[in-house]
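Here are my notes on the model you asked about. Have a look at it first, then read the points below.

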Amino acid sequence: MKEYTYSEKKDTRSGFGAGLLELGRTNENVVALCADLIGSLKMDAFKKEFPERFYQVGIAEANMMGLAAGMTIGGKIPFTGTFANFSTGRVYDQIRQSIAYSGKNVKICASHAGLTLGEDGATHQILEDVGMMKMLPHMVVINPCDFNQTKAATIAIADYEGPVYLRFGRPAVPNFTPADQKFEIGKAVMLNEGTDVTIIATGHLVWKAIEAGHKLAEKGINAEIINIHTIKPLDDEAILKSVGKTKCVVTAEEHQMHGGLGDSVAQLLGRQLPTPLEMVAVNDSFGESGTPDQLMEKYGLSTDNIVAAAERAISRK
Amino acid sequence: MKNQQLNNSIIVNPHNKSIDEMKQIAAQVRRDIVRMVHAVNSGHPGGSLGCTDYFVSLYFRVMNYKPQPFNMDGEGEDLFFLSNGHISPVWYSVLARAGFFEVSELATFRKINSRLQGHPATEEGLPGIRVASGSLGQGLSVAVGAAQTKKLNKDNNLVYVLMGDGELGEGQVWEAAMYAAHNKVDNLIATVDRNYQQIDGGTEEVLALGDLRAKFEAFGWHVLEADGNNFETLLPALEDAKKATGNGKPVMILMNTEMGFGVDFMMGSHKWHGVAPNDEQLEIALQQLAVEQASDY
């Protein structure tokens, strides 16, 4: 099992803030909108340095999505910022009609996704956003795993013409991705080559998948670990190649089982390479208040859950 | 470099028609509307007929634009957005007759493989349309965003948007109204088609809109009123609206129209909001919409 080290834990939302600031300096067409959550989205630095390209929208997310769609007309690249809950479910029809169906070059940047929002509870812990967004034609869906990858993804999506949903979160997680690693939309990142089981993880679950890989190695199980930062378009080729070798698969994500990464992988394999599959995801349930670690434990998204799922998958080969 | 190019070729209205000419064009557009909805036995003639004179005024006199080649970014052009997308027949007819695409294409309205979708869309690449609409309440936000980009780009042209009055029930409209005033988006001329009708009946019965002038003024807008079915007063009102831009406030025209205007049995009733005429009704409508030289598609 390959060793991954990190010098510090950082929040992925700060990776977004850092990427946005860099974009401000390198791409004059980038504009940013925020619905009264500048601090939470780490958009302060962009606002300070580029006040003329920053739009405070207030608590009016539907308007924010429409504004962003309109701002593209004339060549701007709008990045909207609010919590994942208010970036998706609250404004689904605005995104569907004014952005996705209209093919607008809007980047919907969503923080505080999933259970790791913690104490605020289920009203804010959206676990359905990936499903909603991946169903929309034309929409690209990205869920990076750490600070560096979120920063790189933020910068990369400005060069892609079309609507993108970029999902990130609040907790500090190990920042292990190399700072200079190029972010390629739709291209899986191989973290560990193995032979016994493929673990496909996204977002905050990627580090847990690495931890699970070590635990499995202690048990003599050689896991292949893939970081799928782009859920749509899915890197079919990388998944099929890996699963063709290991013959069983585990998916891991901070999202509902229905509609998430696991669903996409199951659909791919069902069509092209039927394989035993286990999902580490929230099982048709809302979250609740608690610390992020307590919640990940209670809702079955821990390192040990991935280990157990891998063993189940292997036993079904 | 870009700004220099803009200055070198100032875009004006490509038609600049007289009122008499616009009356003939409006009659032809109304003929198109009833024939289009009749042909597919669906679509929305009422609001389309009511707003015909407004569309003809914008595209044949008031707005500065270039129909071909169509430029999605609209740099150096006035932009128009239709928020109440269901009145697509009037927009399609006016776009075709203003030169965005062939008039013959109107025959494909609402048919399979057409660029003329039931509600306006960009997906099929119909020139003249910059955003999809149909699900109500979204157009004002889009127009405000486009107006803000014009300001960033130092493009002095204007942005127009039309909304239905029933559509004002959507909360997003008021979010956008508050935002536009707060941010002094004064290169925007919004218009509400005040025909007092919506699908289920009168607007004041379904969900009373009340004093819209007072409401928009309270939101910080510069408000004008106009008769939308009379070129002699509508054109000066549109000029007044232009003069009101650039003064720190978004501009709103409350435009009184009669749903179904031009066809007597369709006028003033919500019943023709989304119903097509039958063969006999079409003939009667076309007789009432006589033009000196009809050029039906």
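How much helix and how much strand does the chain have over residues 23-292 of chain B, and how far apart are the end C-alpha atoms?

1. First, the ground rules. This is a predicted model, where local features need pLDDT of at least 70 and side-chain atom pairs count only at pLDDT 80 or more, while totals for chains, interfaces and linings use all residues. Residues are numbered from 1 along each chain as its sequence is written, with chains lettered from A and ligands numbered from 1 in the order in which they are written.

2. Over residues 23-292, chain B is 40% helix and 12% strand, with its end C-alpha atoms 10 Å apart. (Helices are DSSP runs of H or I, at least four residues, and strands are runs of E, at least two, numbered from the N terminus.) An unreviewed UniProt entry puts "domain: Transketolase N-terminal" on this stretch; such annotations may be inferred rather than shown by experiment.

3. On to the A-B contact: chain A brings 22 residues and chain B brings 29. Two residues count as in contact if their C-beta atoms, placed from the backbone, lie within 7 Å. On the chain A side, α4 (61-71) and α6 (92-100) each supply at least two residues, and α4(A) has the largest share, eight residues.

4. Within chain A, the domain assignment gives domain 1 (9-174) and domain 2 (189-315); such bounds come from an automatic or database assignment. Their C-alpha centres lie 25 Å apart. Here 27 residues of domain 1 touch 31 residues of domain 2.
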